[in-house]
Structures are given as C-alpha cells and as structure tokens.
Amino acid sequence: MSITALGSSSGPGPAGSRRDVLARPNAPAPAACTTGATLLLNATYEPLCVVSSRRAIVLVLAAKAEAVDVTDDEVHAERVTVAVPVVVRLTRYVRVPYPVSVPLSRRAVFTRDGQTCVYCGGSATSIDHVVPRSRGGTHTWDNVVAACRRCNHTKADRSLAEMGWSLPHPPGAPSGAAWRLLGHRTVDPRWREWLGMPDSVSA
C-alpha cells in the first residue's frame, strides 16, 4: 500500500462494496461535514499526511484505518453510521520515504518563529535575511527570520553588527513530524498533540 493511494480518492468499485459506499457515481453530493480535513497517522501513530474527511471515512469503512479522534458530526451509509474523524490511524504500517529537509517557505518561517518578529517580539508580517542578499546572504533556513515591517524597513540592507542588534537564538531548519504538513493547510488544533506542536504555535 502506498501513501499516494491512501491520500487519493478511490475510483468506482463493485456495487455494494464498502469502498464504494461514499464514491458511487450517481450518489448525491457529499455532506458538508465530509469536506473537511483529517490527519492520517501511521500504525505507529507517526503523522503521515492530511486527507479529506471523506477519504478518511472510506479508509475506516474499509477497515484500513481506525478513528482516533472524531467530531460530533455523523455520516449515515446504508446500515452503518460513522462519526466524522479528525484523526485516523492506519491498521497496517506503511513505509514512507521523507525528504531530508523541510521546504523553506514564508508560512514555515512564521511558524518556526512563533509568528513574532525576532528583533522586537512584535507581530511578524514579513521575512528578513539576517545577512542581506545584497551582501551575499543566502535564502536558507539559517539566514531567514520572521520580522515586523518596521524592523525590516529599519534594518534594510545593514548587518546586525551595524545595527547593534542580536538574535535570541541562531535560526535553523526545523525538524519533526509537524513540519512535513506545514504549508499544506491550516493545522487543526485537535491535531497538535499528534504533531508535537505547542498551543502557542499557529500554522
């Protein structure tokens, strides 16, 4: 079983099969409660990816996954009633190769730095290159930080030494399961315990 197959919608199957319960061509439009997002965990509880709530329900009905956390909404399919899950766990372990580095993006930088300016502690609205690119600075994790517009404009293309500023800690590439999902979508607060994210961090 591949992670691609788990994350994609299943095609039409034999009539009456559990796989086909929510995917019949002539079925009515899916309920609004099934159009949300669900965190998919491996059998070891390691976060894998995010799938649609509809896809998560199909996995549960096919006994390929079990619900770990659910909403108050329910979906009625034939003789089965299923609570809409926000977190599901695969019943079989899936081996997935992950990239060794986390993609650098504005959203990920904001999340790594807690949505705050590393220079003054205010609300971050932009990113800044610690060593200005005009001076050979690179667009890499160890040279990009979150900053407010005022500090970014004040610093301009000067170095921290010229400004008399310092960083609270050296910037670097983040690590951990949560970062594989950043940039994909907004993180549901109910996923945080599985992603190892503190409540103060918002993606």
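Mentor: A residue is called buried under 20% relative accessible area, exposed over 50%, and partly exposed in between, with a 1.4 Å probe and protein chains only. This is a predicted model, in which local features need pLDDT of at least 70, side-chain atom pairs count only at pLDDT 80 or more, and totals for chains, interfaces and linings use all residues. Residues are numbered from 1 along each chain as its sequence is written, and side-chain values use heavy atoms, with hydrogens and water left out.

Trainee: How many salt bridges does a search of the whole structure find?

Mentor: The criterion is a side-chain nitrogen of Lys or Arg within 4 Å of a carboxyl oxygen of Asp or Glu. Searching the whole structure for such pairs gives a total of five.

Trainee: Is R135 buried, partly exposed or exposed?

Mentor: R135 forms a salt bridge with E162, at 3.1 Å from N to O. Helices (H or I, at least four residues) and strands (E, at least two) are DSSP runs, numbered from the N terminus. R135 lies in the loop between β5 (126-129) and β6 (144-147) and E162 in helix α5 (residues 160-163), so the bridge joins parts 27 residues apart in sequence. Because its relative accessible area is 45%, R135 is partly exposed.

Trainee: What is the N to O distance between E66 and R89?

Mentor: E66 has a relative accessible area of 34% and is therefore partly exposed, whereas R89, at 18%, counts as buried. Their side chains meet in a salt bridge, and the N to O distance is 2.5 Å.

Trainee: How many residues apart are the two members of that pair?

Mentor: The salt bridge between E66 and R89 links distant parts of the chain. E66 is in strand β3 (residues 65-77) and R89 in strand β4 (residues 80-90), and their separation is 23 residues.

Trainee: Why does D188 count as buried?

Mentor: D188 is joined to R190 by a salt bridge of 2.9 Å, N to O. R190 is partly exposed, because its relative accessibility is 39%. D188 counts as buried because its relative accessibility is 14%.
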